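Here's a quick walk through a protein model for someone meeting it for the first time. Have a look at the picture, then read on.

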Amino acid sequence: MLAIFKRWFTSVRKKSAREELRSWAHASGYRFARVQQGDGFVINGQLPAIDESNMPALPWRLEWGPSQRSYIAGFELRIRIELGLPHSLQMLLMSSSLLEMLESEIFESSTHGLETHIDMSMPEEMRWLSLFVKAPLPRCLRPHFNAVSNDLKAVGAWVDKPFIEQLQAASGTLMVHQPPFLIMTLKGRLY
């Protein structure tokens, strides 16, 4: 599947890559739909239940389409997974380059003269950078990623050894040019 997505992002012939994605989705039992406007698509599915736990299958949604965020130019890949996390848990991990850009944007938009305010029309990830404390990450991740949360203990559990290894590997491949990247938990979901 990852090879198909890689071809989608790099291919001039996106029509054949889209057909590969559609075929993969249908063969995997997922629902594939094109968006009405443009080149985008949506895939809906469920992660299978894990036998040992009593956890049900987890619904997920993958979207590719025009960016919904002002700080991402062009198209954006969005993934949402219903994890059943506590609704109050708010964690955010993002690329360092994105953090620097957003902090600068937040500073400029939230300081007017001597008065400081938080604009509630900003996306959650931008408000959280102003509201929450930076979470300590392992030294190997600090040049590439930052995290903030309303629960620093939860971040420590979230950024475990397998996740650290995946982030390290991504920083040398997918993330080598520091594209805008973020993972967050909000309202019991992972985005």
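Let's start with L93. In this predicted model, and leaving aside its neighbours within four places in sequence, L93 is in contact with L137, F145, N146, A147, W158, V159, L167, F181, L182 and I183.

Several of those names come back once you look at the core. The largest nonpolar core has 18 residues, and L93 is among those with the most contacts inside it, along with L137, L141, F145, W158 and V159. Which elements give two or more residues to this core? They are β5 (91-95), β9 (145-149), α5 (152-158) and α6 (161-171). The biggest giver is α6, with four residues. Apart from this core lies another one, made of 17 residues, including L102, I106, L129 and L186.

Now for a closer look at α6. Its buried residues are F163, I164, L167, A170 and S171. Seen down the helix axis, they fall within an arc of 125 degrees, so they line one face of α6. As a reminder of helix geometry, an α-helix has 3.6 residues a turn, so residues three or four places apart point the same way. And what sits on the face of α6 turned away from its buried side? There you'll find the exposed residues K161 and Q166. As for what covers the buried residues of α6, the list includes β5, β9, α5 and β10 (182-186).

Elsewhere, N44 has its place in strand β2 (residues 41-47). Is N44 buried or exposed? With a relative accessible area of 19%, N44 is buried, because the cut-off for that word is under 20%. Setting aside neighbours within four places in sequence, N44 is in contact with Y30, R31, W60 and R61. With R61 there is also a polar contact between the side chains.

The structure as a whole holds seven aromatic pairs.

| Where | Atoms or groups | Distance |
|---|---|---|
| N44 and R61 | side chain to side chain | 3.4 Å |
| D160 and F163, at the start of α6 | side-chain oxygen of D160 to backbone nitrogen of F163 | within 3.1 Å |

Conventions. Residues numbered from 1 in each chain as written. Predicted model: local features only at pLDDT ≥ 70, side-chain atom pairs only at ≥ 80, totals over all residues. Heavy atoms only, no water. Core = buried A, V, L, I, M, F, W, Y, C linked by side-chain atoms within 4.5 Å. Buried < 20%, exposed > 50% of the residue type's maximum accessible area, 1.4 Å probe, protein only. Contact = heavy atoms within 4.5 Å. Polar contact = N/O pair within 3.5 Å; in protein donor to acceptor, adjacent residues only side chain to side chain. Arc of directions from axis to C-beta. Phe/Tyr/Trp six-rings, centres within 6.5 Å; stacked < 30°, edge-to-face > 60°.
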